[in-house]
Amino acid sequence: MKVEIKKEEVRSQETEVGIPHSDFYILTSIFFFLLTTACQAQRPTKPYYEDLSALRPKVNLETIKPKDSLGIKSPVPSVPVQFGVNEKVDAILDSIDRFNLTRKFVDGHTIQIYSGQKKEEALNTKAKMSELMPDLKANVQYQQPKFRVTVGKYFTRLEAQKDLYRLKRVFTNAILVPERIMIK
């Protein structure tokens with residue numbers, strides 16, 4: 001018992017089950033056309049404006065009258081202390097203050113625009129730097145065996161980024177390097 005299926009029967013069953021291919025392509029293209037035209041952003045005809053001044057809180061500032069016997073008005077009113085600092089915290093803050101007074105250097109950053117073994121090139125780079133950007137000061141340093149030309153002293157990388165981008169336009173070798181900055 002062999003079951004033989006003719007090719008014509010299989011083809012007729014395929015067309016009866018679904019939509020023919022040409023109709024499917026037409027319907028999907030119409031669907032995507034309608035979808036793209038319906039989802040376009042609408043442009044407002046006039047600018048949006050809303051007055052919220054009626055909803056803002058209104059504050060009445062009263063003049064502060066100090067109770068000084070001399071009649072001198074103090075600029076800041078005295079506020080009762082709610083949360084006082086105890087003696088242990090005072091001692092820690094004093095030790096931090098003493099440590100900060102003894103510090104001579106802080107870790108920071110500088111921008112290096114030249115590094116090489118030729119003194120003439122270092123001096124030329126410094127002269128070019130002071131000519132093009134007089135608001136920044138360049139320094140020439142000799143650390144054996146090379147000369148360095150650095151610009152600026154910054155406490156954070158974020159502070160240095162603005163000047164670094166300006167310098168990179170002229171000096172393509174400019175880089176940000178960590179350096180210890182002397183505190184005055």
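Here is a short walk through what you can see above.

Keep in mind that this is a predicted model. Start with the overall build: the chain contains five helices and four strands. Follow the chain from its N terminus and the elements come in the order α-α-α-β-α-β-β-α-β. Of the contacts with a separation of 6 or more, 70% are between residues 24 or more positions apart.

Now for the surface. The chain has 184 residues, and 16% of them count as buried.

I26, I30, F33 and L34 make a nonpolar surface patch of about 410 Å². Take F33, which sits in helix 2. F33 counts as exposed because its relative accessibility is 52%, and the cut-off for exposed is over 50%.

Next, find another phenylalanine, F147. Is F147 buried or exposed? Its relative accessibility is 13%, so F147 counts as buried, since buried means under 20%. The whole structure has two aromatic pairs.

Last stop: D51, in the loop between helix 2 (21-38) and helix 3 (87-102). With 53% relative accessibility, D51 counts as exposed. What does the side chain of D51 make a polar contact with? The partner is the side chain of S53, at 3.0 Å.

Notes. Residues numbered from 1 in each chain as written. Predicted model: local features only at pLDDT ≥ 70, side-chain atom pairs only at ≥ 80, totals over all residues. Heavy atoms only, no water. Helix = DSSP H or I, 4+ residues; strand = E, 2+ residues; numbered from the N terminus. Buried < 20%, exposed > 50% of the residue type's maximum accessible area, 1.4 Å probe, protein only. Polar contact = N/O pair within 3.5 Å; in protein donor to acceptor, adjacent residues only side chain to side chain. Phe/Tyr/Trp six-rings, centres within 6.5 Å; stacked < 30°, edge-to-face > 60°. Patch = residues over 30% accessible without salt bridge, like charges linked within 9 Å, V, L, I, M, F, W, Y side chains within 5 Å. Areas by Shrake-Rupley, 256 points an atom, 1.4 Å probe, with all protein chains shown as cover. Salt bridge = Lys/Arg side-chain N within 4 Å of Asp/Glu carboxyl O. Contact = heavy atoms within 4.5 Å.
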